[in-house]
Amino acid sequence: MEATPSSKRRLPAGRKADLAAYVEQVGEVTVGGLAEHFSVSIDTIRRDLDQLDREGVVIRTHGGAVSAEGQLKDRALDVRLRLQTEEKETIARLAAGLIDDGAVVMLNAGTTTLALARALRNHRDLTIATNNLRIPAEISPSAFRDLYVFGGAVRAITQATTGPVTFMMTPGGPEVDIRCDLALIAVGAIDEAGFSTSNMGDANMMAEMIQRADRTAILADSSKFGRRLFAQVTTLDRADYLVTDTPPESAFAAALAQAEVEVISPAA
């Protein structure tokens, strides 16, 4: 009886090509699931995934991998930290240039704003309010005078809080009316209708941060252009700046110009 293609013994190179294609198709996989699917040992799958990770084909995670190309809507933070790293560092450097010493700023959750927090190491006397739980551990202590974290429910996948953009004077007491000089908001997608993200709670917080800011800078790498996710944050005209790694193409650039959004990028 002739073997079917799936039952033939594959050479390692062929198996790895099949493995890469399978991860791209499925999006997120486990080592155990791959070992069963390809009828090889777990150690073999681990070696294959490690090599594919080095080649940039997949992204290794704890116990598995995700596609480097797939557009998963809500990847875990440890995965997103390894995506578009150079672009995020570029955006962080440019965005840091918008922040004066002594300024009051709000930063939302995300790996781009985390990169920005690290880029503020030469700043001084900042007042920072954020829902990003990783920022307190990673920002230079010399950069800020005061650092506040908004309360709310903790989303483990993003390591951030989701709740009202408020602080109480005393437990159960009245809210403090807070404002900031600049809100720096990382978003998941941008199109001509505006800025969006995958989670409604996150969208509400981002919109409220924008409402409490004198100016707003949207942070997004060019892979976010021309996309729209589940929850609308706000329209283009509510932003003062778009900080990105690559200038947008003509139609989108025209929409941003009409909305009076200044594009800040390395080639702008």
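Student: How many of the five residues of strand β5 (residues 126–130) are buried?
Tutor: Five of the five are buried, so β5 is largely enclosed by the rest of the structure. Buried means under 20% relative accessible area, exposed means over 50%, and partly exposed is in between (1.4 Å probe, protein chains only). Bear in mind that this is a predicted model: local features need pLDDT of at least 70, side-chain atom pairs count only at pLDDT 80 or more, and totals for chains, interfaces and linings use all residues. Residues are numbered from 1 along each chain as its sequence is written, and side-chain values use heavy atoms, with hydrogens and water left out.

Student: And which residues sit on which side of β5?
Tutor: Leu 126, Ile 128 and Thr 130 are on one side, Thr 127 and Ala 129 are on the other, and all are buried, which leaves both faces covered. In a regular strand the side chains alternate between the two faces of the sheet. By the way, helices (H or I, at least four residues) and strands (E, at least two) are DSSP runs, numbered from the N terminus.

Student: What does β5 pair with, going by bridges to strand β4 (residues 104–107)?
Tutor: Four bridges join β4 to β5, and the two run parallel. Two strands count as paired if DSSP finds at least two bridges between them. Val 104 stands opposite Thr 127, and Leu 107 stands opposite Thr 130. The chain gets from β4 to β5 through α6, in a right-handed β-α-β crossover. Right-handed here means that, with the strands pointing away from the viewer, the path from the first strand over the helix to the second runs clockwise.

Student: How many bridges does β5 make with strand β6 (residues 144–149)?
Tutor: Five, again in the parallel sense.

Student: OK, charges now. Which residue forms a salt bridge with Asp 202?
Tutor: Arg 155, with the closest N and O atoms 2.9 Å apart. The pair links distant parts of the chain, 47 residues apart: Asp 202 is in helix α8 (residues 200–211) and Arg 155 in strand β7 (residues 153–155). A salt bridge is a side-chain nitrogen of Lys or Arg within 4 Å of a carboxyl oxygen of Asp or Glu.

Student: Are those two buried or exposed?
Tutor: Asp 202 is buried at 11% relative accessibility, and Arg 155 is buried at 16%.

Student: What else does the Asp 202 side chain make a polar contact with?
Tutor: The side chain of Thr 162, at 3.4 Å. A polar contact is a pair of N or O atoms within 3.5 Å; within protein, one must be able to donate a hydrogen and the other to accept it, and residues adjacent in sequence count only if both atoms are side-chain atoms. Thr 162 is in strand β8 (residues 160–162) and is buried, with a relative accessible area of 18%. Beyond its neighbours within four places in sequence, Thr 162 has contacts including Arg 155, Gly 201 and Met 205, where contact means heavy atoms within 4.5 Å.

Student: How many salt bridges does the structure hold?
Tutor: Ten. One of them joins Arg 118 and Glu 89 at 3.8 Å, N to O. Arg 118 is partly exposed at 30% relative accessible area, and Glu 89 is partly exposed at 42%.
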